[in-house]
Amino acid sequence: NLFWFYSHPAVYVIFLPSVGLLFEIFATMSRNRVFQYKVTVLVIWMTMVMAGEVWVHHLFVAGMPNWIRAGMMITTLMISVPVGLLTISLVGILYRGAIVYNTAMLYAIASLFMLLIGGLTGIPLGIPSIDVHLSDTTFVHAHFHLVMALFATFAIFGGIYYWFPKMTGRFANEKTGKICFWITVIGALTTFMPLMKIGVDGMPRRYWDYPMFPEMEIWHQISTIGSILFAVGIVITVASWIRGALNGEKAPENPWHSKSLEWTHTESPPVHGNFPEPVKIPDDWTPYNYGND
């Protein structure tokens, strides 16, 4: 209980900054405002408050009274509401937007896709009668890595491509970035979708040998191929970042035409102290003031 009392809120320490990256990229690359901005901020606070109240769903099969299971089932399903509203807000940004499908945007869209898969597969795990079967299977393994590892990784990759010109003054190679994007996405799905399938069939987690499940061996082999493909994509991506930082195409100060201060009021890369002179911010200023040019 002490472990999960800490570790479940820690999931949202990863989740919420990643969502922030997606909002920034979606708004800029869609030339659109954040959909229902005030509601979105309120929903983020709701998620923070509720994050500490649902840790027991990790312990449904550890032995506890049914009335506690019922209470934790309700709170677990309730936290899907603010997360769902955040997802709706992200999709709302895309509506009627002038979307630019560069590498940063592609990774952001893939991150949202991973969140949808991982989040929707997590809702059944909040129901004790289902979790009794799926707990400690590779279904849980796949769910967690989709909603945390891949969702956060793709959000970070999108953020790196988005802020790469600001950090280095140069562009990362877009052609290489898009090729690696497809390699990593295909590799990720090839790794974890088979684990979901055999997890539903009852394949336990943490097994390095499985002679009692010969029919599942092929799915593990497919998953292994996917993980290798994913690793290859990551290695090439990091190599392209290094090359881009050293001799990539020079970028203008605001290549994405963003409205936020780090793009409009300082150089790329930023000077010492970030801004060359104090910035006067109007009272009605917003970093998402698109559509009012």
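User: Where do I start? How many helices and strands does the protein chain have?

Analyst: Start with the elements. Here the protein chain has 9 helices and 0 strands, so read from the N terminus the order is simply α-α-α-α-α-α-α-α-α. Keep in mind that this is a predicted model.

User: What span does the C-alpha trace cover along its principal axes?

Analyst: For overall dimensions, look along the principal axes. The trace of this chain spans about 65 × 40 × 35 Å.

User: And how do I read burial and surface?

Analyst: Burial tells you about cover by the protein. In this chain of 293 residues, 45% count as buried. The accessible surface comes to about 15,400 Å², and carbon and sulfur atoms account for 68% of that.

User: What share of the contacts joins residues at least 24 apart?

Analyst: Take the contacts between residues at least 6 apart in sequence: 81% of them join residues at least 24 apart.

User: Which residues form a nonpolar patch on the surface?

Analyst: Find Phe-35, Val-81, Leu-85 and Ile-88, which together have about 340 Å² of accessible area. Phe-35 sits in the loop between helix H1 (2-30) and helix H2 (37-51).

Conventions:
Residues are numbered from 1 along each chain as its sequence is written. This is a predicted model: local features need pLDDT of at least 70, side-chain atom pairs count only at pLDDT 80 or more; totals for chains, interfaces and linings use all residues. Side-chain values use heavy atoms; hydrogens and water are left out. Helices (H or I, at least four residues) and strands (E, at least two) are DSSP runs, numbered from the N terminus. Buried means under 20% relative accessible area, exposed over 50%, partly exposed in between (1.4 Å probe, protein chains only). Contact means heavy atoms within 4.5 Å. Accessible areas come from the Shrake-Rupley method with a 1.4 Å probe; for residues, only the protein chains shown count as cover. Patches are made of residues with over 30% relative accessible area and no salt bridge: like charges are joined within 9 Å, nonpolar side chains (Val, Leu, Ile, Met, Phe, Trp, Tyr) within 5 Å. A salt bridge is a side-chain nitrogen of Lys or Arg within 4 Å of a carboxyl oxygen of Asp or Glu.
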